[in-house]
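Open your viewer and get ready to click along. Each stop tells you what to select and what you will find there.

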Amino acid sequence: MSTQTTLTQFIIEQQRNVPEATGDFTLLLNDIAAACKRIAHTVNRGSITGMLGSADTENVQGETQKQLDIITNDIMVEALEWTGHLAGMVSEEVDDPISIPEQYPKGKYLALFDPLDGSSNIDVNLTVGTIFSILCGQEGTDAKLEDFLQEGVKQVCAGFVLYGPSTMMILTTGQGVNGFTLDQDVGEFVLTHQDMKIPEDTQEFSINMSNQRFWESPVQQYIDECMQGEDGPRNKNFNMRWVASMVAEVYRILTRGGIFMYPLDKRDPNKPGKLRLMYEANPMGFIIEQAGGACSTGRERILEISPNDIHQRVPVILGSKNEVDRVVSYHQ
Ligand code: AHG
Ligand code: MN
Ligand code: MN
């Protein structure tokens with residue numbers, strides 16, 4: 001008999017530590033896992049089924065959608081709307097909050113997600129993922145826009161699923177971070193990475209260097225010092241990686257440390273950063289902090305930002321604690 005712990009078993013065992021738990025949350029996570037298995041399968045068959053490429057439509061952020069952005073969004077919505085665990089949803093791909101159809105019961109949770117992160121990578125067969133954040137809403141009521149505008153510290157759960165060489169789910173409910181790998185043979189996520197911790201120091205940074213001229217001076221200074229390597233004030237050489245999939249970048253940092261930045265960008269005052277607070281920065285911030293790392297805009301802790309819009313963008317600096325603290329200190 002296999003001694004591996006499945007995701008379901010893991011969540012049920014965690015739930016036993018919470019006497020007032022009803023089991024609703026466990027079922028919700030199972031539904032998210034089921035949706036992500038379906039997405040993994042869909043993404044994997046992309047070229048065969050002709051689902052790669054652009055959809056020739058734009059989302060609320062003015063980004064051209066890929067066919068798979070829309071398909072994966074529909075998979076998430078269809079997998080979660082009927083379950084009775086949610087009071088509403090927010091998706092990167094949908095302008096307004098998504099209501100639970102009238103015929104289904106409404107639960108107490110709110111799900112916010114980026115159905116396909118790194119979707120520019122889909123046509124070149126690189127790792128993409130799904131990011132999700134769970135908040136509490138008001139049980140039995142249709143969630144309104146204001147209900148979603150909660151600080152990241154209020155998240156009850158955050159996770160992401162990587163569609164890479166293996167399909168993996170990384171999860172936190174505020175008791176550390178655990179990684180599960182999809183065993184394709186049995187169709188179950190099994191616990192493979194227990195209590196993931198990010199080293200406090202690193203010699204690896206991640207930033208899109210082509211935007212350098214739009215950064216503020218603290219980030220300019222930090223990257224300049226990294227680039228000087230052993231000959232500069234840091235007295236050590238740095239390596240650089242940029243996958244352009246936040247999921248892949250965050251997973252690498254969880255595995256071997258590093259610092260990831262999509263900093264404030266002076267190009268467009270309406271877009272202070274590229275990444276979205278509610279379904280990218282907050283869930284990743286929660287995971288990173290739970291693994292011992294840090295997550296900031298440079299000026300404030302991401303999880304303490306009081307949101308004003310479900311699609312708001314923020315600068316993001318996250319990863320190994322000592323490096324993030326250094327970049328923050330350059331902002332002071
Ligand atoms: P999405 O595909 O959901 O729009 O997100 C892409 C994000 C993030 O995953 C990645 O770190 C960043 O955009 C890449 O941006 P550049 O293409 O500007 O490098
Ligand atoms: Mn994204
Ligand atoms: Mn996306």
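This is a predicted model: local features need pLDDT of at least 70, side-chain atom pairs count only at pLDDT 80 or more; totals for chains, interfaces and linings use all residues.

Residues are numbered from 1 along each chain as its sequence is written, chains are lettered from A and ligands numbered from 1 in the order in which they are written, and side-chain values use heavy atoms, leaving out hydrogens and water.

**Stop 1: the ligand shell.** Select ligand 1 and show what lies around it: 18 residues, each with a heavy atom within 4 Å. The closest are Asp117, Gly118, Asn208, Met246 and Tyr262.

**Stop 2: polar contacts.** Now pick Asp114, where a polar side-chain atom sits 3.0 Å from an oxygen atom of ligand 1. Lys274 also places a polar side-chain atom 3.0 Å from a ligand 1 oxygen. For Trp242, the distance from a side-chain N or O atom to an oxygen of ligand 1 is 2.9 Å. (A polar contact is a pair of N or O atoms within 3.5 Å.)

**Stop 3: the domains.** Colour domain 1 (7-193) and domain 2 (204-331), bounds that come from an automatic or database domain assignment; each gives at least three residues to the shell around ligand 1.

**Stop 4: a buried threonine.** Move to strand β8 (residues 177-183, a DSSP run of E, at least two residues) and select Thr181. Is Thr181 buried or exposed? Its relative accessible area is 17%, so Thr181 counts as buried (under 20%, with a 1.4 Å probe and protein chains only).

Key: A polar contact is a pair of N or O atoms within 3.5 Å; within protein, one must be able to donate a hydrogen and the other to accept it, and residues adjacent in sequence count only if both atoms are side-chain atoms. Helices (H or I, at least four residues) and strands (E, at least two) are DSSP runs, numbered from the N terminus. Buried means under 20% relative accessible area, exposed over 50%, partly exposed in between (1.4 Å probe, protein chains only).
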